[in-house]
Amino acid sequence: AYHEAGHAIVGHLLPHIDPVQLISVIPSGSALGYTLNPPTEDKFSVYREELKQEIAMLLGGRAAELVYYGPEEGLSTGPSGDLRTATSVARRILCTYGMDENFGLAAVDMDTARSGELTGEVRAAVNKMLNQELAFTVELIGYNRPAIDALVRALLEKNQLTGPEIDQILKEHAVQGV
């Protein structure tokens, strides 16, 4: 429940993230729960800040686990799918879109990024980006513990929450950005 509430609060607070429409802690397939925020409009071009906010939301579950359970117990296998997706987004920012000032404008073939001569550089740059977004997200969640606590209580009671229910809970518990 904390994991999914972490995704939801980050999605709620970041301006480039589509509104969360459903949170569920009912296991589905290999997922123990999920947070659903379908796109509200078609996009043909995406900006770096939007991609970074997508990474932050993807890391919201891991960040909530770290905030609530600490750096040892907060490391679980729960966010494995989120980490794969966040890594993919960060790699595209670096290698496909040329959106990192330190990595440069040159596009890098994904095969080269994964197993070629630039593998170490790409991995280091991806990890740096992910760690920056995780630190931001941990801070965001730390500021909003009362709202997350309220979401978790409601999730444990009902197993899933709809967009209007989420909005109502977050309206009742002041949420703040960093």
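Start with two helices, H1 (residues 2-13) and H6 (residues 119-143), whose axes come within 10 Å. Those axes cross at roughly 95°. Keep in mind that this model is predicted. Two packed helices are described by the angle between their axes and the distance between the axes. Angles of 65 to 115 degrees count as roughly perpendicular. H1 and H6 are therefore roughly perpendicular to each other.

Which residues make the contact? On the H1 side they are Gly6, Ile9, Val10 and Leu13. H6 supplies Thr137, Leu140 and Ile141.

Now move to strand S1, which spans residues 22-24. Serine 24 belongs to this strand. Is serine 24 buried or exposed? Its relative accessible area is 1%. Buried means under 20%, so serine 24 is buried. Look at what surrounds this residue. Leaving out residues up to four places away in sequence, serine 24 touches Glu4, Gly33, Tyr34, Asn159 and Gln160.

Finish at helix H8, which covers residues 163-172. Proline 164 is found in this helix. Its relative accessibility is 59%. Exposed means over 50%, so proline 164 counts as exposed. How far is proline 164 from valine 20 in sequence and in space? Along the sequence, the two are 144 residues apart. In space, their C-alpha atoms are 9.3 Å apart.

Methods: Residues numbered from 1 in each chain as written. Predicted model: local features only at pLDDT ≥ 70, side-chain atom pairs only at ≥ 80, totals over all residues. Heavy atoms only, no water. Axes fitted to C-alpha atoms, helices over the stretch in contact; angles between N-to-C directions. Helix = DSSP H or I, 4+ residues; strand = E, 2+ residues; numbered from the N terminus. Parallel < 35°, antiparallel > 145°, perpendicular 65-115°, else oblique. Contact = heavy atoms within 4.5 Å. Buried < 20%, exposed > 50% of the residue type's maximum accessible area, 1.4 Å probe, protein only.
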